[in-house]
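Q: Could you take me through one part of this model close up, namely the sheet and the helix that goes with it?

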Amino acid sequence: MSQLYAIAVDKLFSLKAEIAALRKEEEELKDFLIDSGLSVIDSDTVHCTVSTSTSTIVDWKTIAAKAGASRQLIRAHTAEGEVRTTVRLFAKKTK
């Protein structure tokens, strides 16, 4: 029975290594597409969009602690998040 666990551990380790390699390759391909500067890229079977966005983060805890928050107080505790670029893939419908 312990041999089965050892086999499972080895298989899991192997899978995790493969997944890590695939994730690295995925990130490299995404970076390549992002660096292209294109917002839409099509192949015969896949429609790809590349978009950039930012988020706004408000420190509501601090605002609530100070109570009676003015616009100035809100602005003082508002920060923009990091810029994010998203690559989305959509399978094209076959005709």
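**The helix and its sheet**

A: Let's start with α1: at 1.5 Å a residue, its 34 residues should span 50 Å, and the end C-alpha atoms sit 49 Å apart, so the two agree. The expected span here is 1.5 Å times one less than the number of residues. Helices (H or I, at least four residues) and strands (E, at least two) are DSSP runs, numbered from the N terminus.

Bear in mind that this is a predicted model, where local features need pLDDT of at least 70, side-chain atom pairs count only at pLDDT 80 or more, and totals for chains, interfaces and linings use all residues. Residues are numbered from 1 along each chain as its sequence is written, and side-chain values use heavy atoms, with hydrogens and water left out.

Now the sheet: it's open, with three antiparallel strands in the order β1-β2-β5. Pairing takes at least two DSSP bridges between two strands. β1 (40–42) and β5 (84–91) are the edges, each pairing on one side only. From one strand to the next, the twist averages 15 degrees.

β1 and β2 make a hairpin with three residues between them, and three bridges hold the pair. Val40 is partnered with Thr49 of β2, and Ile41 with Cys48.

Contact means heavy atoms within 4.5 Å; axes are lines fitted to C-alpha atoms (for helices, over the stretch in contact), and angles run from 0 to 180 degrees between N-to-C directions. After α1 comes Gly37, with a positive phi near 80 degrees.
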